[in-house]
Amino acid sequence: MRIRPRQQLLDLWRAVLACSYRDDKWSWGGRDGANSISDAEQLLCLLYPAAELEAFALDQPDDMATDARLALDPFGEETRIGGVLVHLLEDYLARYTGPDGNPVFAAGSYFRSADDHRPPADAQLALEVVDSYSMSLSLCIAALRFLRGFQRFVGGEVRREARQLNDRIPLVIDAVGARLTAAMAGLVRSFVIHTPEPKSEAGQAILHMINQNHAPAEDVIRRLSARLERLRVQAANEVRLSQATEVDVADDERLFECGWGWGIVRTAEPIDFVPGEAGSAVGHAEPRPYLYFTAVALDGIIDLSSQRIRELDLLTDEQRKLADALQLRFELARNYWSTVARFGGGRWPLEDIPWRTSDGEESDYFSLTVAAILIQDLVYRDSTEDLARTVAVFDQLARRGRITSRLTAGDAAAVLHYPGVRLGLAGSEDIGGGPALLWYVPDFVTMMLKRSLQAARLRTDVDTRDQLMALAEAAMDHLDQRIQRDGPAAGLWDDPGALLGPAPSVPAGPSWFVTERVMECLVIAYDTFREPPLAPATMVARAVDLLSEAEHLLNQEELEVEGSDLTPKQAAVNRIRQSLDRARGVLHERPGTAYSLATQALIQLDELAYARQDATR
């Protein structure tokens, strides 16, 4: 399927409003009910494109693109759209702020019970997970960018409703800021450094993945410690905020992994400068990194650390401290998983599919997550090192995940897409007398699409770029088959039955989990398509050869032009000169265009030469 991000984002906006906004009233929740994560995902489907893409900006009604305004027509005219968004933010914040004024990040209806006969206890439904923090972080950043811009607009208006908005917006900004601080603190306190003994079950699981050459365990540990020495020193000396003191990360005889647990880990220390529950709530999560929650946290931190956020000065002093702490953890986790994925001198651990995590679980999904973090690392560093080899892993996972191959009856790969990979939330069973909790993750395809589009921004070779775009288009084909075609959620995701065949009954309504991730992919596609095309050296060289010949022939042709009058022949020569000047101007950015312009000039020069020869006969 051809990816057309602008049109598809506008279609998504129309579908979101058709589903959620009727009779001037917004309906929260989807097939999984309403909770702090699902409702943030629902709202982000509108706010994230508006914050990230200038063509979708909504904070300056006078400058709003016509197609964006028409897509949001149910909200009313341009000047009303911003007011409706302010009201939605107020409503969301009121729903997820407790009586004590502290932000609420409960995952609620997203939790599942590991015991079919025992539903989660109320205390368990109130648990906060890394998804809560990361999604709120993205929502708050997008909201602040919108609110700051819209505040400037309404400040210059004199209408009564504008004056009312001008009074309400500072209150919303304060509430968004408080939620952002709490979300950042939650992410800091959910980070964990895990240092298992090599002979423990967790240590053996790590060694199973990294020891691809079947070398003695002692040699592997020594080589891995040498590769990770800089990270160990950095973790030991710089990771202080909220970190448990008993973690001996400097002991190079122990194994080492880092990332995010499913929520605030039970070893997390309080953060004294963050007020309320966010800085001091007792953690329950087992202090072990989960690949899924690590990837989710990394994505949220990228939204926080973008250059535009720094330039707009959206963060308070306390938030900057938390942002610096998160940036440090971002660097540690990204570098760790990027290093481990490619450890050793032969086959990479990443190429040994499926990946096995330190709790002994293994899945193609975990391989994709590690590959996604590796791609994220390459994009972050603007490096093509090992990109082709990583794309080959993506290609294999796309086949195994039935993105580029056909699903068969009873195919085990179907669970990657619905209901998703099952994650056990270790430590949740100790809360409120309830059962162990599960978390389902159905984002295999959107993760593949997102990372393929991000990697396509790199200045790689044409073959690798083509392979990445083919993977992205195959993933989009897969997702297109899963769009809901009928009912109030038409145009949104997810209808797994359309692709996977008869399946257990799927609740009605949209999956905001999947829909929001498709939206992110379309925003990334928009940014990717705005990048200049590849300029291979071979194409530049061919264009230079043609330009050299064309300019030489043009110089010869100008010797034949009589006088300085603007004759038809002189006009034709001038047009050819302009084409060649244009070709020189775009040679290194668009060599294919330069090649075509030079070819066209050569054809025109040959026509002039032929006409002259014909006239002398």
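**Figure 1. The buried residue Asp 39 and its salt-bridge partner.** In this predicted model, Asp 39 has a relative accessible area of 0% and is therefore classed as buried. Its side chain meets that of Arg 95 in a salt bridge, with a distance of 3.4 Å from N to O. The pair joins distant parts of the chain: Asp 39 belongs to helix H2 (residues 36-52) and Arg 95 to helix H4 (residues 78-95), 56 residues apart. Arg 95 is partly exposed, with a relative accessible area of 38%. Side chains of opposite charge can pair when their charged atoms come close.

**Figure 2. The salt bridge between Arg 347 and Asp 352.** The closest N and O atoms of Arg 347 and Asp 352 lie 3.8 Å apart, and the two residues form a salt bridge. Arg 347 is partly exposed, its relative accessible area being 42%. Asp 352 has a relative accessibility of 18% and so counts as buried, the cut-off for this class being under 20%.

**Figure 3. A network of salt bridges that includes Arg 381 and Glu 385.** Salt bridges link Glu 331, Arg 334, Arg 342, Asp 377, Arg 381, Glu 385 and Asp 386 in a network. Within this view, the side chains of Arg 381 and Glu 385 meet in a salt bridge of 3.8 Å from N to O. Arg 381 counts as partly exposed at 37% relative accessibility, and Glu 385 counts as partly exposed at 43%. For the model, the count of salt bridges comes to 37.

**Figure 4. Asp 527 in helix H20.** Asp 527 is located in helix H20 (residues 512-530). With a relative accessibility of 17%, Asp 527 counts as buried. When residues up to four places away in sequence are left aside, Asp 527 touches Leu 53 and Arg 457.

**Figure 5. The packing of helix H21 with helix H23.** Two packed helices are described by the angle between their axes and the distance between the axes. Helix H21 (residues 537-559) packs with helix H23 (residues 591-616) at an angle of about 30°, and their axes are 9 Å apart. This angle makes H21 roughly parallel to H23, since angles under 35 degrees are placed in that class. The two helices cross in a left-handed manner. Residues of H21 in the contact include Met 539, Val 540, Leu 546, Leu 547, Leu 553 and Leu 554, and those of H23 include Tyr 595, Ala 598, Leu 602, Leu 605 and Leu 608. By class, the residues of the contact of H21 with H23 divide into 16 nonpolar, 2 polar and 4 charged.

**Figure 6. The packing of helix H22 with helix H23.** The axes of helix H22 (residues 568-586) and H23 come within 8 Å and cross at roughly 160°. H22 and H23 are therefore roughly antiparallel to each other, the cut-off for this class being over 145 degrees. The crossing of H22 past H23 is left-handed. On the H22 side the contact involves, among others, Ala 572, Val 573, Ile 576, Leu 580 and Val 586, while the H23 side includes Ala 594, Leu 597, Ala 601, Leu 605 and Leu 608. The contact of H22 with H23 has 13 nonpolar, 3 polar and 3 charged residues.

Technical notes: Residues are numbered from 1 along each chain as its sequence is written. This is a predicted model: local features need pLDDT of at least 70, side-chain atom pairs count only at pLDDT 80 or more; totals for chains, interfaces and linings use all residues. Side-chain values use heavy atoms; hydrogens and water are left out. Axes are lines fitted to C-alpha atoms, for helices over the stretch in contact, and angles run from 0 to 180 degrees between N-to-C directions. Helices (H or I, at least four residues) and strands (E, at least two) are DSSP runs, numbered from the N terminus. Angles under 35 degrees count as roughly parallel, over 145 as roughly antiparallel, 65 to 115 as roughly perpendicular and the rest as oblique. A crossing is left-handed if the near helix is turned anticlockwise from the far one by less than a right angle, and right-handed if clockwise. Contact means heavy atoms within 4.5 Å. Ala, Val, Leu, Ile, Met, Phe, Trp, Tyr, Cys and Pro count as nonpolar, Asp, Glu, Lys and Arg as charged, and the others, Gly among them, as polar. A salt bridge is a side-chain nitrogen of Lys or Arg within 4 Å of a carboxyl oxygen of Asp or Glu. Buried means under 20% relative accessible area, exposed over 50%, partly exposed in between (1.4 Å probe, protein chains only).
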